[in-house]
Amino acid sequence: MKPYVKIALAAVLLFAISGILAALILFNKKHPDTAKAKPDFVISAVVLQKEFEDNEKTASARYINKILEVSGTIASLTPADSNHLNISLKTGSDLSSVICTFTGINDPSKFKPGDVITLRGECSGFLMDVLLNNCATIINHK
Amino acid sequence: MKRLILFLFFLNIILAANAQKFMTKNGYIGFFSHTSMEDIKGDNNQVAGVIDVTTGEMAFQALIKSFHFDRALMEEHFNENYMESDKIPKSIFKGKITNLSSVNFSKNGTYDVTVEGDLTIHDVTNKISTKGTIEVITGGINASSKFNINPEDYKIIIPGVVRDKINKNLEVTVTMKYTPLATK
């Protein structure tokens, strides 16, 4: 085999291997670890909900898909289906809250209504409440 | 507040109503498809839903970005390639229990129901009819249903390379645990 054929074959092989590796890495990509990730915004639940209520369009452009570190008082805990826990944080409105979904835990005993907590999560947007997903507790002030 | 008023208007709800209306903001909608490569499963635990037990009307709203997948890449593809969730952030169902007389909302128990209505996904609305269960419990109502949808009916374009691997019918599971609206 001529040297340039060997080089070409090696190059093709290398290209193929790196392609497969890149695909595997991408395929197995994890969700961002919100407990460790640097938050894009640090904000209180009261201010966050008010911003969405006052101007959903502006707030959506600013916060959706971003990691938010949110502090607030727990209004209610709802163990959800499929190993999830929803924590609602109080806001200035009685009808609208910040709902934070934790994946992989459904034991609400670590928390109780009235606890002041700081958590991080990815903002999904606004329905009647501001919705955060992939949440992690940063501090439970109690 | 504007959003809330719109939502309530959409559901034809009068806030002064008595406890004939039940709601949840923590409802569950999931979908599942078995493929030769791996199973596709998305979970949304932030579904807002209302049911009026006097008329049998029911409605759900869900944010597409609230669907969670085990694989980050799958979630990314779901949002960006298939559902275009930046442009079309919500899915909505509005319908009615057609055999309301067979449910006794004042007596605890499990009742089989048929629900018909309009399901809007990806800005495309289709009529659907499905069987489900209403469970009347003390202080609330649980509702559940399983039905199949075909992504193509909602103009969700699945690229050729993976189209054959995704089952034409996605199984959708809905589980709602309603509490009286008056106490919210």
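Chain A is divided into domain 1 (1–30) and domain 2 (41–140). The model is a predicted one.

User: How far apart do the C-alpha centres of domain 1 and domain 2 of chain A lie?

Analyst: The C-alpha centres of these two domains of chain A lie 44 Å apart.

User: What makes A:Asn134 count as buried?

Analyst: A residue is buried if 20 or more other C-beta atoms lie within 10 Å of its own. A:Asn134 has 23 C-beta neighbours inside 10 Å, so A:Asn134 counts as buried. This residue lies in strand β6 of chain A.

User: Why does B:Asp123 count as exposed?

Analyst: The cut-off for an exposed residue is 12 or fewer such neighbours. B:Asp123 has 12 C-beta neighbours inside 10 Å, and therefore counts as exposed. Its place is in the loop between β5 and β6 of chain B.

User: What is said of the phi of A:Asn134 and of the phi of B:Asp123?

Analyst: Most residues other than glycine have a negative phi. A:Asn134 is not a glycine, yet has a positive phi of about 55°. B:Asp123 is not a glycine either, and its phi is positive at about 65°.

User: How do you know that the buried residues of α2(A) line one face of the helix?

Analyst: In helix α2 (residues 45–54) of chain A, the buried residues are A:Ala45, A:Leu48, A:Gln49, A:Phe52 and A:Glu53. Seen down the axis of α2(A), these buried residues fall within an arc of 130°, so they line one face of the helix. An α-helix has 3.6 residues a turn, so residues three or four places apart point the same way.

User: How do you know that β5 and β6 of chain B pair?

Analyst: Two strands pair if there are at least two bridges between them. Strand β5 (residues 109–121) and strand β6 (residues 124–137) of chain B have 13 bridges, in the antiparallel sense. One of the bridge partners in β6(B) is B:Thr125, which partners B:Thr120.

User: Which strands does β2(A) pair with, and in what sense?

Analyst: Strand β1 (residues 41–44) of chain A pairs with β2(A) in the parallel sense over 4 bridges, and A:Ser44 stands opposite A:Ser71. β2(A) pairs with β5(A) in the antiparallel sense over 7 bridges, where A:Leu68 stands opposite A:Gly121. β2(A) also pairs with β3(A) in the antiparallel sense, over 6 bridges. There, A:Ser76 stands opposite A:Ser88.

User: How many residues of chain A are in contact with chain B?

Analyst: 27 residues of chain A are in contact with 21 residues of chain B. Among the elements giving two or more residues to this side of chain A are α1 (3–27), β2 (67–80) and β6 (130–140). The residues of this side divide into 10 nonpolar, 11 polar and 6 charged.

Note on methods. Residues numbered from 1 in each chain as written. Chains lettered and ligands numbered in written order. Predicted model: local features only at pLDDT ≥ 70, side-chain atom pairs only at ≥ 80, totals over all residues. Domains from an automatic or database assignment. Contact = placed C-beta atoms within 7 Å. Nonpolar A, V, L, I, M, F, W, Y, C, P; charged D, E, K, R; others polar. Arc of directions from axis to C-beta.
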